[in-house]
Amino acid sequence: MTASNKTILKVLLLGDSGVGKTSIMKRYVKNKFTNQYKASIGTDFLTKQITVDEVSVDLQIWDTAGQERFFSLSPYYCRGADCCILVYDTNNPRTFESLESWREKFFIQTSLQDPEKIPFAVIGNKIDMGEPLVSRKTVHEWCQARGNIPFFFASAKENHNVTEAFTSVVQNAPKEKTIYNYFGQNPIILEEDEDEEEEKKKGGLE
Ligand code: GDP
Ligand code: MG
């Protein structure tokens, strides 16, 4: 038996510079938005505790914080990722076209895991700016061809569909009780309390 019996999920935000990844993270975690554009350097994450389908989950949301300007991803950033949200700007078709390469980079960097099992979501951000320049049909087909990835037109500015996108990946993530330390090294499997597991099964949670 351990004190900790929580699910901790590492969620990555990936996409071109300027699409709104930092804004989405700040909106979701702090419910704040700023028009300022600040491409910071380094890697950063924020945490948020949520309850999805009656399961308490600690989300560790990682923002590329500038490295995406060089179209590169460090293994440190990707290691141990449980979910991945691909973000593009609905007013900039080139950022939609980039999604494929972000997805590929993610697969390369997570080669030690089974990336096919990792839930994705696609966010078309800045929908508040008007009619999207990439049609819903085009995005829908792209998502369908890649295992039916859930897709959201969203706005970090107006707080539209941001929560829904995070909820979607969490719902689709395997709820193993693993925790990844700050350096994204080997997972520490938390011991399970057998009685509690039995209770859960009876309660129909799993
Ligand atoms: P990142 O480089 O992907 O992290 O993008 P940022 O979050 O830094 O956002 C880039 C710019 O787009 C900033 O000026 C934001 O204020 C702006 N922005 C982000 N999300 C939205 C949105 O939903 N609507 C609008 N209109 N602007 C946004
Ligand atoms: Mg950013």
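Predicted model: local features only at pLDDT ≥ 70, side-chain atom pairs only at ≥ 80, totals over all residues.
In strand E4, Ile85 is the bridge partner of Leu13, and this pairing belongs to a set of four bridges that join strand E1 (residues 7-14) to strand E4 (residues 83-89), the two strands running parallel. For the complex, the predictor gives an ipTM of 0.99 and a pTM of 0.83.

The secondary structure of the chain consists of seven helices and eight strands. In general, the strands of a sheet pair through backbone hydrogen bonds, in either a parallel or an antiparallel sense. In contrast to the parallel pairing of E1 with E4, strands E2 and E3 run antiparallel and are joined by nine bridges. Within this pair, Phe45 stands opposite Trp62 in E3. The two strands form a hairpin with two residues between them, and Asp53, located in the turn, has a positive phi of about 50°.

The largest nonpolar core contains 44 residues, of which Val11 and Ile85 touch the most other members. When neighbours within four places in sequence are left aside, the contacts of Ile85 are with Val11, Leu12, Leu13, Ala121, Ile123, Ala165 and Val169. Across the chain, buried residues make up 34% of the 206 residues. Of the contacts in the chain with a separation of 6 or more, 71% are accounted for by residues 24 or more positions apart.

Helix H1 (residues 21-30) is largely enclosed by the rest of the structure, because seven of its 10 residues are buried. These buried residues are Lys21, Thr22, Ser23, Ile24, Met25, Arg27 and Tyr28, and what covers them includes E1, E2, strand E3 (55-63), E4, E5 and helix H6 (162-172). Following H1 is Asn31, which has a positive phi, near 55°.

In helix H4 (residues 99-109), the buried residues are Leu99, Trp102, Phe106 and Gln109. Because they cover an arc of only 95° around the axis, they lie on the same side of H4. An α-helix has 3.6 residues a turn, so residues three or four places apart point the same way. The other side of H4 carries the exposed residues Glu100, Ser101, Glu104 and Ile108. The buried residues of H4 pack against E1, helix H2 (75-78), E4, helix H3 (93-97) and strand E5 (120-125).

Definitions and conventions
Residues numbered from 1 in each chain as written. Chains lettered and ligands numbered in written order. Pairing = 2+ DSSP bridges. Buried ≥ 20, exposed ≤ 12 C-beta atoms within 10 Å, placed from the backbone. Arc of directions from axis to C-beta. Contact = placed C-beta atoms within 7 Å. Core = buried A, V, L, I, M, F, W, Y, C linked by C-beta atoms within 7 Å.
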